Amino acid sequence: MAQIHKSHRGELMLQERRHTPKEVSDAIPHYIESDMPKQHADFFAGLSYLPLATLDRNGRPWVSLLVTQSDSDPSVGIQVAGQNTTHVVAETNPHDPFVRAVSQDPASGLEARLFAGVGIDFGNRRRNKIAGSIRTSDVEGEEKIRLQLLSDQHLGNCPKYITVRSLGHTRRNPEIIHDGFDVHSSVLSNEAKSVVARASTLFLATKHTSDATTAGAQTDMGVNHRGGAPGFTRLYEENDGARVTTYLVLPDHSGNRFYQSLGNIETDPKVGLVFPDFETGEILYITGDAENLLGDDADALMPRVSLLTRIKVTGAVFVRGGLNLKQASKEQLSPYNPPVKYLRAELEKMGHAIKAHDAAIPLTAKLIATKPLSSTISTFEFELSEAINAPLPGGFGVFDFSDLVDAGYSHMNETNPQLVNEDYVRTWTLSGAPKFDEENNAFRTTNRISVTVKRKPGGLMSNLLHNNAEKLITYNLPVKFKGTGAGFSCFSEVAEGSPPKFPAKMLWIAGGVGITPFMVMWDGVKQVVETYPQDQPIDIVFLFSGRDDDIAVLQHFAKKNSSVSDQVTLRIVAFQSAGENALAAKSARDDLNATFTDQLLKIEERRMQSEDVQSVAHLGMRDVYMCGPEAMMTSTEAALNGLGVEEARRHRETFVF
């Protein structure tokens, strides 16, 4: 069979916008085979599940996950007859929109009923795509379908972003929860939304509508896998008062740069998605209208993303117990998965909105000094190219190192998979408060900022700073400074000209480098109290957990000013867990004990426990501020729940943005 596939205008546009090398673009048709290779035939014949898509009578794609193995029915399976004819006998459920679509007349204007699929072996991350037309289809009863597929496009894909899992057959009882197959439907139930939120795997169906002016192109379909860390698909709703519209947002992860799925969207916005939950057997089918956002448009919706796909849901089917597969092993997420990216609106809600500097010339930051605080933690001081209005103490700055270290595109990197999607942007808490301006009752504008960074094993940017600080200073190398943000601060926003406000009683809880926002909040409290003596004493209890000599950072809190000592009481309990450097740990303890009195600092050589939170005096009257690793935050929240501390008094900072 002659080769017929050529990159169409949608694919070519994205390849150009995303700087796909011409030699790659020119080679793409040669990767797509018209005749099914034998290794593909053997591969498909061994699959126990097959994501497959077709169009309904309105031209909308619906993609399903057909189950092609059965404990009780030997006829279920996949057989390849000849090079391009594939027989599929599969289990499904009576509400499957794919099954309903193949029972309708084909979409108008099409000579054949199109299909596309992608086979994935979740055991070894092998993936092959297939597309063509459905020659025959026969629905047997409510939960079985026979298909004869004639394929003319076959393509192997890379294993990135595929979650390794073992699946077995099980018999479930399907229950339709929401049926929007025949009607326009955009609202998703909370149960359906939770499937999206948990998903590390989904399948996306797209179609290309041919342009008569494009030689060699034809109307066809494609199905591809989309994977990532659970939550990589973001969801939001718009409510105009009369109607709720649901949108899904898929950030683009670095791939082979063919842009077949996204290129299809450029020529036809209609897409289909399926979200399988292999643990519960729930399955969510969606159809909708998609658009690709690039550059500033993408960043406006999802910061730090330069290409994404937004899908407006126009139809959805949600079936509880609709998937006759069960998970038989723990999932192993792909090492290539980038961290979850959040929508701008989500970041704003978390208090992590970025305030960009409004200037014609972008801001830069140059490293001018470093100060080691422990064997793994140092403070780095930067000078900005222009003064900024600093955020409230506890706020953050966004640094972009891409001009210095961006190594360009790489398809795979087994040594360091995270580099494939690395954007070289880091968000760090600003660890030094600017001077308080008594005349304006505000922290002054400043062109000096500092960040306190812990060297992280395998961490790219933390190690770059620690290992190359002298070079950055010596060669005066600029780093792009993208802006600041606030949200996690004991200070509250007040009317312009009014003194900053903060609670009189506070409990601070930090782990590791999570101490950083408390360093700057402490500096801010001291300055404000020195300027405005308080009506009542300020009472702060600080629980800090650190490994080895990380507790040495507490020296920052010893810089007390005698003019505020009667106004502010800070009592610290440090929990020092054992690491690999017992000598450094003892040295840090000795130095702290020589600096602080027993009344101000107590050091425990163990991990922090829930009882330590419970023992804090007047706990119910305190505002609680927490920043640290996920495990510490989870255990602390559990302790606060058990102690009945009001949710309104809890304030959290995370490392997720």
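## Basis of the values

Residues are numbered from 1 along each chain as its sequence is written. Because the model is predicted, local features need pLDDT of at least 70 and side-chain atom pairs count only at pLDDT 80 or more, while totals for chains, interfaces and linings use all residues; side-chain values use heavy atoms, with hydrogens and water left out.

## Aromatic rings

A pair of aromatic rings is described by the distance of the centres and the angle of the planes. Rings of Phe, Tyr and Trp (its six-membered ring) pair if their centres lie within 6.5 Å; planes under 30 degrees apart are stacked, those over 60 are edge-to-face, and the rest are tilted. The count by this rule is 22 aromatic pairs. One of them joins Phe-43 and Phe-44 edge-to-face, at 5.4 Å centre to centre and with 75 degrees between the planes. A tilted pair is formed by Phe-542 and Phe-544, with 6.2 Å between centres and 50 degrees between planes. Phe-542 counts as buried (under 20% relative accessible area, against over 50% for exposed and in between for partly exposed; 1.4 Å probe, protein chains only), because its relative accessibility is 0%. Phe-544 is buried as well, because its relative accessibility is also 0%.

Two rings have a charge over them, which requires NZ of Lys or CZ of Arg within 6 Å of the ring centre and within 35 degrees of the ring normal. Arg-165 lies over the face of Phe-122, 4.7 Å from the ring centre. The charged end of Arg-310 sits over the ring of Tyr-247, at 5.6 Å from its centre.

## Helix α3

Helices (H or I, at least four residues) and strands (E, at least two) are DSSP runs, numbered from the N terminus. Helix α3 covers residues 38–45, and His-40, Ala-41, Phe-43 and Phe-44 are buried in it. These residues are on the same side of α3, because they cover an arc of only 160 degrees around the axis, taken from the directions from the helix axis to the C-beta atoms. The buried residues of α3 pack against β1 (49–55), β3 (77–81), β5 (113–121), β6 (126–140) and β7 (144–157).

## Thr-233

Thr-233 is placed in the loop between β11 and β12 (234–239). Thr-233 is buried, with a relative accessible area of 2%. Contact means heavy atoms within 4.5 Å. Apart from neighbours within four places in sequence, Thr-233 is in contact with Val-196, Leu-202, Leu-248, Val-249, Leu-250 and Phe-275.

## Pocket and cavity

On a 1 Å grid over the protein atoms alone, a cavity is a set of points where a 1.4 Å probe fits but cannot get out, and a pocket is an open set with protein on both sides within 12 Å along at least five of seven lines; lining residues have an atom within 4 Å of a point. Grid points are joined across faces, edges and corners, and a volume is the space filled by probe spheres set on the points.

The second largest pocket holds about 1,400 Å³ of space. It is lined by 50 residues, and Arg-18, Asp-252, Ser-254, Ser-306 and Asn-421 are the closest to its centre. β11 gives the most to this lining, with 4 residues.

There are 8 cavities of 30 Å³ or more. The largest cavity has about 200 Å³ of space. Of its 20 lining residues, Lys-129, Gln-153, Met-221, Gly-222 and Gln-260 are the closest to its centre. β11 gives the most to the lining of the largest cavity, with 4 residues.
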